[in-house]
Amino acid sequence: ALNDLLRAYDDAASAVRQVDQEMEALKTLLDAQPKVAPELRATFDDMWKRFQEAKEKFRGGGFGGPRFQITDLGQSLQASSNAPTEAQTRLIAQLTADLTTHIARLNVLITTELPALQGRVRASGVAPAKLEAVRPPKTP
């Protein structure tokens, strides 16, 4: 059970990094446009806020964070020759429930809200800045 908790946490943290890159790219894109429809900006800002809240749940390491709790519990269980205590069993259940809830929220962002936002950005005509080719030096 703990290995699957750790796998799920690490998978979610990896997904958060990918979504973060896409959200940053969209933010840069929208910020570079002089006239972005207020509705599009509001939609982006709302999703940005919700993503930041989801992102907090999967911050790396740190004492007391979810990943630390999972690994610390795993080490405690491995160090003991007894069955898990009632408190450890409750902690496993609580970590599983919390992680399941946070992953469900993240999955809505990934599978529904982000693609919808990307579609709205494309439909609005907002496009990446046109890059100019770099002129090489003249040959002497």
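**Aromatic pairs in the predicted model**

Analyst: In this predicted model, phenylalanine 44 and tryptophan 48 lie about one helical turn from each other, because they are 4 residues apart in helix H2.

User: How are the planes of phenylalanine 44 and tryptophan 48 classed: stacked, edge-to-face or tilted?

Analyst: The ring centres of phenylalanine 44 and tryptophan 48 are 5.8 Å apart, with the planes at 35°. Planes under 30 degrees apart would count as stacked and those over 60 as edge-to-face.

User: Is phenylalanine 44 buried or exposed?

Analyst: Buried residues have under 20% relative accessible area. Phenylalanine 44 has a value of 1%, and therefore this residue is buried.

User: How many aromatic pairs does the protein have?

Analyst: Ring centres must lie within 6.5 Å to form a pair. Under this rule the count is 2.

User: How is the pair of tyrosine 9 and phenylalanine 58 classed?

Analyst: The centres of the two rings, of tyrosine 9 and phenylalanine 58, are 5.7 Å apart. Their planes stand at 45°, so this pair is tilted.

User: Which parts of the chain does the pair of tyrosine 9 and phenylalanine 58 link?

Analyst: The two residues are 49 residues apart, and their pair links distant parts of the chain. Tyrosine 9 belongs to helix H1 (residues 2–31), while phenylalanine 58 is in the loop between H2 and H3.

User: Where is confidence highest in the protein?

Analyst: The protein averages a pLDDT of 86. The mean is lowest, at 80, in helix H3 (residues 66–79). The highest mean, 94, belongs to helix H2 (residues 38–56).

Definitions and conventions
Residues numbered from 1 in each chain as written. Predicted model: local features only at pLDDT ≥ 70, side-chain atom pairs only at ≥ 80, totals over all residues. Heavy atoms only, no water. pLDDT = per-residue confidence, 0-100. Phe/Tyr/Trp six-rings, centres within 6.5 Å; stacked < 30°, edge-to-face > 60°. Buried < 20%, exposed > 50% of the residue type's maximum accessible area, 1.4 Å probe, protein only.
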